[in-house]
Amino acid sequence: MSEAQDRIKDQAGPCGIVCVSCPLGSGVVAECAGRTKKNIVDCRIPMWSPFVPGGEVIDWAAVDRGLDWMEKYAVCAGCGNGGGPPDCTIRICARERGYELCSSCQDLDSCTKFEWLEGHGSELKEKLKENRGLSKEEYIKKMMNQMPWEA
Ligand code: SF4
């Protein structure tokens, strides 16, 4: 288990995201950025890219800066550790109502606060509805490998 995974292994947001299953929470996105940066250097891609169609216009210094940024910052600490978008409407609401998971909320069916998560929002709502009554620990254990994306 990576350091990032260890940090968030027992966490889930009130929205039902199991943090260790999220590529931002698990550190997969940041690790991939670091690996890509290394591959660019090891494979000397900027040297030969101008000879491949479209490669001559790539700003490799900007790519490097972007990947560098992702390696440092594209890691979510999880809601429980102060991570996640600070203005997440779901987290703010669930905290105000005193719920660890929105599956405890009677208004889940009609709740519109998941809309900013677009397609994932409705999938997460369904998962929360299916798992009403489970504690956060039970939910994490059961849903760890059932998030609507690949970890
Ligand atoms: S209304 Fe209920 S389901 Fe919606 S965000 Fe708030 S606590 Fe969660």
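A nonpolar core is taken here as a set of buried Ala, Val, Leu, Ile, Met, Phe, Trp, Tyr and Cys residues joined through C-beta atoms within 7 Å. Buried, in turn, means that 20 or more other C-beta atoms lie within 10 Å of a residue's own; with 12 or fewer the residue is exposed, and in between it is partly exposed, the C-beta atoms being placed from the backbone. The model is a predicted one, so local features need pLDDT of at least 70 and side-chain atom pairs count only at pLDDT 80 or more, while totals for chains, interfaces and linings use all residues. Residue numbers start from 1 along each chain, following the sequence as written.

On those terms, the largest nonpolar core holds 25 residues, and Ala12, Cys15, Ile17, Val18, Cys19 and Cys102 have the most contacts inside it. Two or more residues each come from helix H1 (3–8), helix H2 (28–42), helix H5 (89–97), H6 and H7; helices here are DSSP runs (H or I) of at least four residues, strands are E runs of at least two, and both are numbered from the N terminus. The biggest share is that of H7, which gives 3 residues to this core. As a general matter, nonpolar side chains in soluble globular proteins tend to be buried together.

Now for the overall build. The protein has 7 helices and 0 strands, which reads along the sequence as α-α-α-α-α-α-α. Its radius of gyration is 19 Å, whereas a compact globule of 151 residues would come out near 15 Å (taken over C-alpha atoms, with the globule rule being 2.2 Å times the number of residues to the power 0.38). Along the principal axes, the C-alpha trace spans about 60 × 30 × 25 Å. Buried residues make up 27% of the 151 in the protein. Looking at contacts with a separation of 6 or more, 63% are between residues 24 or more positions apart; a contact means two C-beta atoms, placed from the backbone, within 7 Å.

Leaving out residues up to four places away in sequence, Ala12 touches Ile17, Val18, Cys19, Leu101, Lys136, Tyr139 and Ile140.

Gly13 counts as buried because 24 C-beta neighbours lie inside 10 Å. Gly13 and Gly78 are 65 residues apart in sequence, yet 7.2 Å apart in space, C-alpha to C-alpha. Setting aside neighbours within four places in sequence, the contacts of Gly13 are Cys79, Gly84 and Arg91.

The ligand has a shell made up of Pro14, Ile90, Cys93, Ala94, Arg97, Tyr99, Cys102, Cys105, Asp107, Leu108, Cys111 and Lys113, where a residue is near a molecule if its C-beta atom, placed from the backbone, lies within 6 Å of it. By type, the shell splits into 9 nonpolar, no polar and 3 charged residues, with Ala, Val, Leu, Ile, Met, Phe, Trp, Tyr, Cys and Pro counted as nonpolar, Asp, Glu, Lys and Arg as charged, and the others, Gly among them, as polar. One of the shell residues, Arg97, belongs to helix H5. Arg97 counts as partly exposed because it has 13 C-beta neighbours inside 10 Å. From Arg97 to Pro53 the gap is 44 residues in sequence and 56 Å in space, C-alpha to C-alpha.

Arg44, in the loop between H2 and helix H3 (45–48), has a positive phi of about 50° although it is not a glycine. Arg44 is exposed because its C-beta neighbours inside 10 Å number 9. Glu118, in helix H6, likewise is not a glycine but has a positive phi of about 50°. Glu118 is exposed, with 9 other C-beta atoms within 10 Å. Glu115 lies in the loop between H5 and H6 and counts as exposed, with 11 C-beta neighbours inside 10 Å.
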